[in-house]
Amino acid sequence: GHKEALKKMEIYKVPPVLILHLKRFKTSKTSSIGPFYWSQGKKITATIDFPIQGLDLSNYVLGKDKNAIYDLYAVSNHYGGLSGGHYTAYAKNPINNHWYDFNDSRVSPANEKEIVGGAAFFLFYRRRDQPSTDQ
């Protein structure tokens, strides 16, 4: 029979860079033709409200280092479905602190309000105590 289960994640030491992968694809079943298999499913396009500044993980760190505040510096976006799509990125320039939209060979300024959206796929955070450029 079914048993109630609890999944627990513990953090002992926080990394200087934190990369979060948002699960956007939900597979439902596997189909096949002869030796070829593929998964059928759908893309989850819900907007996840992630913080741009001040992601605080300090309450989840078990080790002594409680310096676990992160700021977002890049987002990888995916548009399209399971069989294909298009990737773009938002990234923050550490020199002028402005956001930019990278779409193939085109780079254009981006408003911070655009960053959080339903296409966000990977989130790149830097721990606040880390330098933003190699100096």
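Below, labels are set against their definitions.

Modeller: This is a predicted model, where local features need pLDDT of at least 70, side-chain atom pairs count only at pLDDT 80 or more, and totals for chains, interfaces and linings use all residues. Residues are numbered from 1 along each chain as its sequence is written, and side-chain values use heavy atoms, with hydrogens and water left out.

Biologist: How many helices and strands are there, and what makes a run count?

Modeller: The protein chain has one helix and nine strands. Helices are DSSP runs of H or I with at least four residues, and strands are runs of E with at least two, numbered from the N terminus. The order is β-β-β-β-β-β-β-β-α-β.

Biologist: Why is Asn103 called buried?

Modeller: Its relative accessibility is 18%. Buried means under 20% relative accessible area, exposed over 50%, and partly exposed in between (1.4 Å probe, protein chains only). So Asn103 counts as buried. Asn103 lies in strand β7 (residues 99-103).

Biologist: What makes the link between Asn103 and His86 a polar contact?

Modeller: The side chains are joined at 2.7 Å. A polar contact is a pair of N or O atoms within 3.5 Å; within protein, one must be able to donate a hydrogen and the other to accept it, and residues adjacent in sequence count only if both atoms are side-chain atoms. The 2.7 Å pair therefore meets the distance cut-off.

Biologist: Why is Glu10 called partly exposed?

Modeller: Its relative accessible area is 36%, so Glu10 falls in the partly exposed range. Glu10 lies in the segment before β1 (17-21).

Biologist: How do you know that Asp71 and Arg128 form a salt bridge?

Modeller: Their closest N and O atoms are 2.7 Å apart. A salt bridge is a side-chain nitrogen of Lys or Arg within 4 Å of a carboxyl oxygen of Asp or Glu, so the pair qualifies. Asp71 lies in strand β5 and Arg128 in the segment after β9, so the pair ties together parts 57 residues apart in sequence.

Biologist: How many salt bridges does the structure hold?

Modeller: Two. Asp129 and Arg127 also meet in a salt bridge, at 2.7 Å from N to O.
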